[in-house]
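Work through these exercises with the structure open beside you. Try each task before reading its solution.

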Amino acid sequence: MLDKFGIAAALQEIAALQELKGGENRFKARAYRAGARAIGGYSGDIGEVVARNQLTGLRGIGEALASQIKQLHLTGSSSVLEGLRKEFPPGVLELSAVPGLSLTKIRQLHESLGISSLAELQAAAEAGKIRKIKGFGATTEQSLLEAIENHKKRASAGRRVHIHNAERIAGPIIEYLQTSRSFQNASFAGSLRRRKETVGTLRIVAAARNPRKLIDHFLNFPLIVRTVHRDENRCAVELLEGAMVALTVTQKDRYPVALLSETGSPAHVERLRALADKQRITLDTSAFEALSLSKRAAIVIESEEDVYRRLGLQFISPELRENEGEIEAALAGKLPEDLVTLDDVQGMVHCHTTYSDGVNSIEQMAQAADALGMQYLTITDHSPTAFYAGGVTVDRLKRQWDEIDEVQERVGVKLLKGTESDILADGSLDYPDQILEQFDIIVASIHSRYKLDSQKMTRRILTAMRQPVFKIWGHALGRLIERRPPFECDVEKILDAIAESRAAIEINGDPYRLDMEPRWIRKARKRKIKFVISVDAHSAGALNNVRHGVGIARRGWVRRKEVLNTLATKSFQKAVRPV
């Protein structure tokens with residue numbers, strides 16, 4: 001019998017083997033990966049779901065997948081997985097990660113030398129055995145050694161994972177750690193806790209009664225494919241998805257300092273250590289002691305707040321620990337203590353429905369916002385020029401507004417009629433003025449002609465921002481993280497114009513956008529510009545993007561009062577009304 005972690009690991013292996021088969025099997029692989037995410041992220045008792053035959057009620061799980069999950073849970077094996085394993089040589093998943101090793105060559109290596117792991121491949125190549133296999137030769141052997149070395153370097157560095165995927169991967173690990181009797185506490189650390197856009201190594205810090213036993217327990221996590229490092233208090237592993245995870249385990253009394261040390265950027269932590277040295281304090285994961293001239297006095301540390309306080313600093317929130325002025329501000333007592341929080345957000349802004357390219361209806365979006373306890377929800381479907389996204393033409397607006405009025409009678413959340421209006425090439429907005437003036441809210445965004453030179457793009461945005469209607473500059477610089485860089489423009493000049501006009505700036509919570517960058521947010525703050533934390537939601541589930549937007553806002557030092565959608569409904573409506 002397998003628990004949910006073992007089931008998720010088996011589904012991930014099926015997906016990886018299906019991908020190796022190629023062709024139409026790649027579609028099957030996607031389904032199994034989705035199933036692995038659904039099972040791994042399920043918070044309830046998977047055994048009860050199986051017993052009640054309710055697996056198909058979980059998102060992304062159909063009858064065929066449910067059958068395999070039930071097999072895995074009840075018997076520990078899967079007919080699909082066993083069949084796939086018979087089609088491939090042992091160790092194929094590990095070996096296929098090495099560039100230049102095709103499936104055919106992996107079979108040859110196994111048949112000729114019994115190679116079924118990376119370590120065996122490296123040993124055989126170093127011993128000069130590979131060159132003796134027909135079709136390989138000395139040059140191929142040397143190339144494989146170089147490829148293995150490069151693969152190890154890449155694996156050690158870790159591929160970067162978008163923040164929402166990092167959360168998805170790390171969450172079940174902490175849940176798994178909690179199943180150990182030695183477990184006491186755990187938290188995300190590193191760039192994930194600092195809410196960076198992407199994460200290289202997923203860092204987790206834990207407290208345990210017996211650190212060694214908790215590490216032993218962790219190394220049995222079913223999704224681990226390789227242990228990179230292990231000592232008394234730390235280990236690093238590679239997961240089946242390719243993500244790297246580093247776990248630090250300490251005794252409970254050392255946990256706050258360990259968490260602090262593993263959370264801040266290297267530069268931030270180094271600055272803290274320098275401050276500690278000046279005060280004759282040892283700051284590390286094994287001790288935190290103040291040294292007076294006459295005696296050594298132990299300091300009781302129960303939280304990170306205690307550490308900062310002992311160093312004479314205001315508490316520095318994890319999102320700010322980048323050595324970008326936060327330590328100086330904390331020393332001077334000028335660090336904002338009212339950074340915006342998730343609880344401060346009163347309404348969901350920038351939401352799409354089936355009227356453009358959303359997957360849920362107005363009513364479904366409204367019900368989801370209601371369930372989250374929101375006061376208001378803005379319906380901001382695309383404008384006509386965004387034809388590729390089903391932009392709403394003027395004649396369809398009347399139909400949409402009528403439907404909003406109808407749905408309003410059935411939900412508690414206040415529905416606001418808005419648009420995500422394209423900023424056209426000449427800087428005009430994509431509806432006639434008499435229509436723009438009738439909206440409750442306007443998000444103005446660029447969706448085309450990203451490659452205009454900086455001067456033309458700057459002029460385009462300045463023209464839009466200076467228009468008399470109030471508007472919110474949507475996903476400001478148009479970036480798609482790791483896919484499309486921000487477009488070129490004079491951001492400082494645009495911020496100056498916004499500061500003098502009727503406009504605010506969106507902090508976009510879509511995990512593939514997270515636009516603007518924190519450095520620009522901080523420059524906007526200096527100009528007293530207001531913000532809106534948006535979800536850019538194209539589905540009901542994407543309303544949860546708000547937490548990513550809040551994370552980026554906090555990294556930009558944004559305070560509660562600087563965010564318009566921390567206002568109650570009437571105050572928000574008044575603040576964003578176009579005229």
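## Exercise 1: A charged pair

The model is predicted, and in it both Glu-304 and Arg-321 are buried.

**Task.** State how Glu-304 and Arg-321 are joined, and where each sits in the chain.

**Solution.** 
- Step 1. Check the link. Glu-304 and Arg-321 form a salt bridge, with their closest N and O atoms 2.9 Å apart.
- Step 2. Place each partner. Glu-304 belongs to helix H15 (residues 304-310), while Arg-321 lies in the loop between H15 and helix H16 (326-331).
- Step 3. Read off the separation. The two are 17 residues apart, and the pair links distant parts of the chain.

## Exercise 2: Buried or exposed?

**Task.** Classify Glu-363 and Arg-410, then Glu-562 and Arg-525, as buried, partly exposed or exposed.

**Solution.** 
- Step 1. Recall the cut-offs. Buried means under 20% relative accessible area and exposed means over 50%.
- Step 2. Take Glu-363 and Arg-410, whose side chains meet in a salt bridge of 2.9 Å, N to O. Glu-363 has a relative accessible area of 23%, so it is partly exposed. Arg-410 reaches 53%, so it counts as exposed.
- Step 3. Locate this pair. Glu-363 is in helix H17 (residues 362-371). Arg-410 is in the loop between helix H18 (394-408) and strand S13 (414-422). They are 47 residues apart.
- Step 4. Turn to Glu-562 and Arg-525. Both are buried. They form a salt bridge with closest N and O atoms 2.8 Å apart.
- Step 5. See what this bridge ties together. Glu-562 lies in the loop between helix H23 (546-555) and helix H24 (569-576), and Arg-525 in helix H22 (residues 518-526), so the bridge joins parts 37 residues apart in sequence.
- Step 6. Glu-492, Asp-496, Lys-523 and Arg-527 are joined by salt bridges that share partners.

The count for the model is 35 salt bridges.

## Exercise 3: An open sheet

**Task.** Give the strand order of the five-stranded open sheet and find its edges.

**Solution.** 
- Step 1. Write the order: S2-S4-S7-S6-S5, with mixed pairing.
- Step 2. Find the edges. Strand S2 (183-188) and strand S5 (224-230) each have a single partner strand, so one side of each lacks a neighbour in the sheet.
- Step 3. Note the twist, which averages 25° from one strand to the next.
- Step 4. Inspect one pairing. S2 and strand S4 (residues 201-208) are antiparallel over five bridges. Asn-185 stands opposite Ala-207 in S4.
- Step 5. H12 (residues 211-218) lies across S2, S4, S5, strand S6 (234-239) and strand S7 (244-250), and runs at about 160° to S7.

Notes
Residues are numbered from 1 along each chain as its sequence is written. This is a predicted model: local features need pLDDT of at least 70, side-chain atom pairs count only at pLDDT 80 or more; totals for chains, interfaces and linings use all residues. Side-chain values use heavy atoms; hydrogens and water are left out. Two strands pair if DSSP finds at least two bridges between them. Helices (H or I, at least four residues) and strands (E, at least two) are DSSP runs, numbered from the N terminus. Axes are lines fitted to C-alpha atoms, for helices over the stretch in contact, and angles run from 0 to 180 degrees between N-to-C directions. Contact means heavy atoms within 4.5 Å. A salt bridge is a side-chain nitrogen of Lys or Arg within 4 Å of a carboxyl oxygen of Asp or Glu. Buried means under 20% relative accessible area, exposed over 50%, partly exposed in between (1.4 Å probe, protein chains only).
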